[in-house]
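Hi,

Here is the structure I promised to pass along. Have a look at it first, and then read on for what turned up in it.

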Amino acid sequence: MTVRVREATDADWPAIWPIVEAVVRAGETYTYPRDLTEAAGRAIWMQAPPGVTLVALDDDGRVLGTAKTGPNQMGPGAHVATASFMTAPEARGRGVGRALGEAVIAHASRKGFRAMQFNAVVEANHGAVRLWRALGFEILATIPEAFDHPTEGLVGLHVMHRRL
């Protein structure tokens with residue numbers, strides 16, 4: 001399977017929402033409320049410029065995952081990007097996260113960002129932590145017991161960073 005990444009359009013939202021909904025309802029990786037509505041999900045996920053939302057597609061054009069990226073802060077902090085990623089449960093372990101991660105890093109570099117910071121990577125999300133480390137991110141700090149995981153209990157949130 002080839003994974004192709006491109007910018008999302010409004011027409012992609014019906015395929016993105018089931019992914020966002022499944023990830024949020026699971027409650028294992030994001031601090032979003034588990035009862036997030038579709039309208040609120042769309043407002044959070046579909047980025048306005050200077051941010052961008054991406055989709056990862058399989059050979060048939062089916063959306064397998066999505067990412068959003070843009071400035072981590074405003075004003076004098078706007079040279080550091082941030083990003084968030086979600087993969088459809090049935091597509092995990094197939095290179096979707098890596099393809100999205102590489103695309104986001106390339107996008108941020110092209111746009112002139114100097115670094116990328118992830119503000120809240122759940123330490124129990126071992127696959128994501130491994131992937132981000134493999135893509136050059138380091139853990140700067142872990143906020144202890146900052147995330148209430150549905151099965152692991154209180155776990156830390158990593159702040160991860162990499163220069164671009």
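**Overall layout**

Read along the sequence, the protein runs β-α-α-β-β-β-α-β-α-β-β. That makes four helices and seven strands. Please keep in mind that this is a predicted model.

As for dimensions, the C-alpha atoms fill a box of roughly 40 × 40 × 30 Å along the principal axes. A compact globule of 164 residues would have a radius of gyration near 15 Å, and the protein agrees with that, having 15 Å. Buried residues account for 45% of the 164 residues. The accessible surface is about 8500 Å², and carbon and sulfur atoms contribute 50% of that. If you take the contacts between residues at least 6 apart in sequence, 60% of them join residues at least 24 apart.

Which residues of helix α4 are buried? In this helix, which spans residues 126-134, they are Ala 128, Val 129, Leu 131 and Trp 132. These residues sit on the same side of α4, because they cover an arc of only 165° around the axis.

What do the buried residues of α4 pack against? Their partners are the strands β4 (80-87), β5 (115-122), β6 (138-149) and β7 (153-163), together with helix α3 (96-110). On the face turned away from the buried side you will find the exposed residues His 126, Arg 130, Arg 133 and Ala 134. Just after α4 comes Gly 136, with a positive phi of about 100°.

**A buried threonine**

Thr 66 belongs to strand β3 (residues 63-71). Is Thr 66 buried or exposed? Its relative accessibility is 0%, so Thr 66 counts as buried. A polar atom of the Thr 66 side chain lies 2.8 Å from the backbone oxygen of Leu 54. Leaving aside neighbours within four places in sequence, the residues in contact with Thr 66 are Ile 16, Trp 45, Thr 53, Leu 54, Val 55, Ser 84, Phe 85, Met 86 and Leu 100.

**Salt bridges**

The count of salt bridges comes to six.

- Asp 10 and Arg 42 form a salt bridge, with the closest N and O atoms 3.3 Å apart. Asp 10 lies in the loop between β1 (4-7) and α1 (13-26), while Arg 42 is in helix α2 (residues 38-45), so the pair ties together parts that are 32 residues apart in sequence. Asp 10 is exposed, with a relative accessible area of 56%, and Arg 42 is partly exposed at 32%.
- Glu 21 and Arg 25 meet through their side chains in a salt bridge of 3.3 Å, N to O. They are four residues apart in helix α1, so about one helical turn separates them. Glu 21 is partly exposed, with a relative accessible area of 29%, and Arg 25 is partly exposed at 33%.
- Arg 62 forms a salt bridge with Asp 58, where the closest N and O atoms are 3.3 Å apart. Arg 62 is partly exposed at 37% relative accessible area, whereas Asp 58 counts as buried at 10%. Both belong to a network of salt bridges that links Asp 58, Arg 62 and Glu 90.

**Two backbone details**

Most residues other than glycine have a negative phi, and most peptide bonds are trans. With that in mind, two places are worth a look.

Where is there a cis peptide bond? The bond from Pro 49 to Pro 50 is cis, with omega near 15°. Pro 50 is located in the loop between α2 and β2 (52-57).

The other place is Glu 145, which has a positive phi of about 50° although it is not a glycine. Glu 145 is part of strand β6. With a relative accessibility of 56%, Glu 145 counts as exposed.

Happy to talk any of this over once you have had a look.

Best wishes

Definitions and conventions:
Residues are numbered from 1 along each chain as its sequence is written. This is a predicted model: local features need pLDDT of at least 70, side-chain atom pairs count only at pLDDT 80 or more; totals for chains, interfaces and linings use all residues. Side-chain values use heavy atoms; hydrogens and water are left out. Buried means under 20% relative accessible area, exposed over 50%, partly exposed in between (1.4 Å probe, protein chains only). Helices (H or I, at least four residues) and strands (E, at least two) are DSSP runs, numbered from the N terminus. The arc is that of the directions from the helix axis to the C-beta atoms. Contact means heavy atoms within 4.5 Å. A polar contact is a pair of N or O atoms within 3.5 Å; within protein, one must be able to donate a hydrogen and the other to accept it, and residues adjacent in sequence count only if both atoms are side-chain atoms. The radius of gyration is taken over C-alpha atoms; the globule rule is 2.2 Å times the number of residues to the power 0.38. Accessible areas come from the Shrake-Rupley method with a 1.4 Å probe; for residues, only the protein chains shown count as cover. A salt bridge is a side-chain nitrogen of Lys or Arg within 4 Å of a carboxyl oxygen of Asp or Glu.
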